[in-house]
Amino acid sequence: MILILLGAPGAGKGTQAQRLQDKHGIVQLSTGDMLRAAVKAGTEIGLKAKAVMERGELVSDDIMTGIISDRLDQPDCEKGAILDGFPRTEAQAEALDKMLAEKNLSLNVVIEMKTDDEVLVERITGRYTCANCGAGYHDTFLKPAKEGVCDKCGGTEFSRRSDDKAETVKSRLEAYHKQTAPLLPYYREKGILKQVDGMAEIDEVTRQIEGVISSI
Ligand code: ADP
Ligand code: ADP
Ligand code: ZN
């Protein structure tokens with residue numbers, strides 16, 4: 001199964017993708033995580049992406065399409081993949097259609113996580129992750145059971161993204177509305193767009209997504 005989680009920055013894509021991965025064994029492909037790993041490792045792609053990401057703009061379609069195509073060829077994607085953060089432009093969506101056809105795969109569903117922009121700044125500025133296993137948390141909305149200790153791996157080191165600050169959120173939201181939101185009609189016309197209420201609490205969003213998946 002190939003599914004896309006589509007939503008604004010902070011809508012909850014990563015949080016829900018992690019849950020789907022744990023429950024269904026379909027791998028989460030987060031292009032943001034891949035780019036951050038490339039920046040950290042200082043690869044050629046990382047060097048190109050770093051400044052763009054810091055500005056809250058989008059990395060080039062060619063780079064992103066290449067990353068996803070290579071990733072889908074890895075054996076762990078055999079059962080399928082959850083695309084988290086890709087596609088983000090119409091050019092990426094068209095390239096995805098083409099590459100899936102070439103790989104004899106098909107896109108099962110696109111799940112839109114609908115949110116109001118007002119909640120996103122608080123979600124993004126309160127976001128942090130376990131430095132060891134990548135589990136995502138929030139200062140207010142999703143705290144570990146024991147303060148300072150990761151629920152999943154017991155790790156005690158956490159990190160925050162350098163682009164998760166209020167100033168950058170503005171340009172990221174602009175990029176979302178200008179470049180990514182046009183994908184909604186694109187997928188609606190194909191008849192594969194479903195919606196969930198991204199404003200609901202985290203467990204409720206999970207229930208709605210599970211409902212969508214069991215209906216396809
Ligand atoms: P995205 O991947 O779409 O950018 P995340 O899944 O990282 O979003 O969520 C952003 C932040 O908001 C995280 O800290 C997460 O714990 C929190 N969060 C996710 N979903 C919800 C929700 N439905 N209600 C409140 N907070 C949420
Ligand atoms: P968020 O979870 O807040 O939506 P991501 O982690 O998905 O953010 O992405 C972080 C940054 O990485 C984006 O602001 C953008 O610069 C870059 N990026 C991630 N995915 C893509 C993509 N598909 N196309 C272009 N740029 C991307
Ligand atoms: Zn952890």
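This is a predicted model: local features need pLDDT of at least 70, side-chain atom pairs count only at pLDDT 80 or more; totals for chains, interfaces and linings use all residues.
Across the whole structure, a search identifies four aromatic pairs. In one of them, the ring centres of Tyr128 and Phe158 lie 5.4 Å apart and the ring planes meet at 85 degrees; the pair is therefore edge-to-face, since an angle over 60 degrees places a pair in that class. This pair joins distant parts of the chain. Tyr128 belongs to strand β5 (residues 127-130), while Phe158 belongs to strand β7 (residues 158-159), and the two are 30 residues apart.

Phe158, with a relative accessibility of 26%, counts as partly exposed.

Phe158 also takes part in a pair with Tyr137. Here the ring centres are 6.0 Å apart and the planes stand at 80 degrees, so this pair, too, is edge-to-face. Tyr137 is buried, its relative accessible area being 7%. Taken together, Tyr128, Tyr137 and Phe158 make up one aromatic cluster. Phe158 is a member of both pairs described here, with Tyr128 and with Tyr137.

Attention now turns to ligand 2. Its surroundings comprise 19 residues, of which Thr31, Glu57, Gly85, Gln92 and Arg172 are the closest. Helix α2 (residues 31-41) supplies the largest share of the shell, namely four residues.

A polar backbone atom of Glu57 is 2.5 Å from an oxygen atom of ligand 2. For Arg36, an N or O atom of the side chain lies 3.0 Å from an oxygen atom of the ligand. Gln92 places a polar side-chain atom 2.9 Å from a nitrogen atom of ligand 2. Glu57 thus contributes through its backbone, whereas Arg36 and Gln92 contribute through their side chains, each of these distances falling within the 3.5 Å cut-off because of which they count as polar contacts. On its own, ligand 2 has 560 Å² of accessible area, and the protein covers 97% of that area.

Key. Residues are numbered from 1 along each chain as its sequence is written. Chains are lettered from A and ligands numbered from 1 in the order in which they are written. Side-chain values use heavy atoms; hydrogens and water are left out. Rings of Phe, Tyr and Trp (its six-membered ring) pair if their centres lie within 6.5 Å; planes under 30 degrees apart count as stacked, over 60 as edge-to-face and the rest as tilted. Buried means under 20% relative accessible area, exposed over 50%, partly exposed in between (1.4 Å probe, protein chains only). A residue is near a molecule or strand if one of its heavy atoms lies within 4 Å of it. A polar contact is a pair of N or O atoms within 3.5 Å; within protein, one must be able to donate a hydrogen and the other to accept it, and residues adjacent in sequence count only if both atoms are side-chain atoms. Accessible areas come from the Shrake-Rupley method with a 1.4 Å probe; for residues, only the protein chains shown count as cover.
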